[in-house]
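I opened this notebook to record what I looked up in one structure. The entries follow in the order in which I made them.

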Amino acid sequence: MIHDALLRASVRLAATPTPTPSGSPSDDSVTPGLLGFIVTFLLAVAVVLLVLDMVRRIRRVRYRAEIAEKLDAEEAEAAAADSRGDDDAGSAGR
């Protein structure tokens, strides 16, 4: 019985037509306007500046790593040359 009443009510609600809009909304209420453009433009500028800064920092870290590798290689060569020089001087004195 309750089931029939709910079914009839849902049929009546479904049969009721929905109202159609009487007119179109104004352009000012639909578009973001000047403020939206300014905010979007500033956001895009901020993103571009952040990307440029990130690229610069990554490049700097890469160059520092290359220089550190070169210095380590030079120190290793100098240490190897010193150890060979000490061995040659020690054997020549005997």
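**Basis.** I note that this is a predicted model, in which local features need pLDDT of at least 70, side-chain atom pairs count only at pLDDT 80 or more, and totals for chains, interfaces and linings use all residues. Residues are numbered from 1 along each chain as its sequence is written, and side-chain values use heavy atoms, with hydrogens and water left out.

**Confidence.** I looked up pLDDT, the predictor's confidence in each residue, from 0 to 100. The protein chain averages 83, and 80% of the residues score at least 70. Confidence is lowest in helix α2 (residues 27-30), with a mean of 71, and highest in α3, at 89. Helices here are DSSP runs (H or I, at least four residues), numbered from the N terminus.

**Aromatic pair.** I searched the whole structure and found one aromatic pair. The ring centres of F37 and F41 are 6.2 Å apart and their planes are at 20°, so the pair is stacked (pairing needs centres within 6.5 Å; stacked means planes under 30 degrees apart). Both residues lie in helix α3, four residues apart, about one turn of the helix.

F37 is exposed, with a relative accessible area of 55%, whereas F41 is partly exposed at 48% (exposed is over 50%, buried under 20%, partly exposed in between, with a 1.4 Å probe and protein chains only). V45, also found in helix α3 (residues 33-93), is partly exposed at 34%.

Note on methods: Helices (H or I, at least four residues) and strands (E, at least two) are DSSP runs, numbered from the N terminus. Rings of Phe, Tyr and Trp (its six-membered ring) pair if their centres lie within 6.5 Å; planes under 30 degrees apart count as stacked, over 60 as edge-to-face and the rest as tilted.
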